[in-house]
Amino acid sequence: MRQVSVGMIGGGFAARLHGNAFRLVGGMDIRLRACSDLREDAARTLAAEYGYETWATDYHRVLQDPEVDVVILCTPPSLHAGMVLEALRAGKHVVCEKPLTGYFGQPGSDELIGLTVPKRSMFQKVHADMEQLEEAVRSSGRQFMYAENYVYTPCVQRAAEFLRAKGSTITYMRGEETVQGSPPPAPGCGATSAAAPCCASAATPWAGSCT
């Protein structure tokens, strides 16, 4: 039976969703090789709870582990894009939790995005990040998998199949995302208060994390 060795980065709620899912996998041997979290107690607890062989507080140790085949990113959204690039450069396959990315402000800025940053500027930044990720995935020779439920539903997959087969261009799309604000850059940093200085996306409608 084929074995897949997993490295988990992030030790919060989403890491447990994946951990529970591993217990239901059939047809291959899932080896929980390594996990990491900045909080030592979280990393240690996750390892003990799900049976990871090693744990660390520095995620680079997971990326550098030659026995890890695939890395699962369950980290704050503002870290996703950079960590995906790092994992691909380390030669790992990658599963990234949603949202893949978004606009979280410029480094060192305290701007209230929904009040001061044009949506066009947010879109352009996210689009540039997505293009960088796409090129990195294409050139890496590794698999990139996005942990968004509906991406893999039959109706969405069939629509994508039609578009690829016809070479069509999407000229209009309409959808709805019902949330209070855009994804926060870090856990515990809500997006419902315009006065929240730690949250780059405070008091803004959904700022367009790409799915």
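## A partly exposed residue and its surface patch

With a relative accessibility of 47%, Ile-170 counts as partly exposed, because that class lies between the limits of 20% for buried and 50% for exposed residues. The model discussed here is a predicted one. Ile-170 belongs to the segment that follows α7, the helix spanning residues 154–166. Together with Leu-163 and Met-173, Ile-170 makes a nonpolar surface patch of about 310 Å².

## Overall architecture

The protein contains 7 helices and 6 strands. Along the sequence these elements follow the pattern β-α-β-α-β-α-β-α-β-α-α-β-α. Of the 211 residues, 38% count as buried.

The accessible surface of the protein amounts to about 12,700 Å², and carbon and sulfur atoms account for 54% of this area. Among contacts with a separation of 6 or more, 62% are between residues 24 or more positions apart.

In soluble globular proteins, nonpolar side chains tend to be buried together. In this model, the largest nonpolar core has 20 residues, and those with the most contacts inside it are Ile-9, Leu-63, Val-71, Leu-73, Val-84, Val-94 and Leu-133. At least two residues of this core come from each of α3, β4, α4, β5 and α6. Helix α4 gives the most, with 6 residues.

Leu-133 touches Ala-81, Val-84, Leu-85 and Leu-100, when residues up to four places away in sequence are not counted.

Helix α4 covers residues 77–89 and bends by about 30 degrees at Met-83. An α-helix has 3.6 residues a turn, so residues three or four places apart point the same way.

The C-alpha atom of Ser-78 is separated by 8.8 Å from that of Leu-100, a residue 22 positions away along the chain.

Thr-75 is located in the loop between β4 and α4. Thr-75 is buried because its relative accessible area is 14%, and the limit for buried residues is under 20%. Apart from neighbours within four places in sequence, Thr-75 is in contact with Ile-9, Gly-10, His-80 and Met-83. Met-83 is also the site of the bend in α4, while Ile-9 is one of the residues with the most contacts inside the largest core.

Just after α4, Gly-91 adopts a positive phi of about 85 degrees. Most residues other than glycine have a negative phi, and most peptide bonds are trans.

## A cis peptide bond

Which residues are joined by a cis peptide bond? The bond links Lys-98 and Pro-99, with an omega of about -10 degrees. Pro-99 lies in the loop between β5 and α5, the latter comprising residues 113–116.

Note on methods
Residues are numbered from 1 along each chain as its sequence is written. This is a predicted model: local features need pLDDT of at least 70, side-chain atom pairs count only at pLDDT 80 or more; totals for chains, interfaces and linings use all residues. Side-chain values use heavy atoms; hydrogens and water are left out. The bend at a residue is the angle between axes fitted to the seven residues ending there and the seven starting there. Helices (H or I, at least four residues) and strands (E, at least two) are DSSP runs, numbered from the N terminus. Buried means under 20% relative accessible area, exposed over 50%, partly exposed in between (1.4 Å probe, protein chains only). Contact means heavy atoms within 4.5 Å. Patches are made of residues with over 30% relative accessible area and no salt bridge: like charges are joined within 9 Å, nonpolar side chains (Val, Leu, Ile, Met, Phe, Trp, Tyr) within 5 Å. Accessible areas come from the Shrake-Rupley method with a 1.4 Å probe; for residues, only the protein chains shown count as cover. A salt bridge is a side-chain nitrogen of Lys or Arg within 4 Å of a carboxyl oxygen of Asp or Glu. A nonpolar core is a set of buried Ala, Val, Leu, Ile, Met, Phe, Trp, Tyr and Cys residues joined through side-chain atoms within 4.5 Å.
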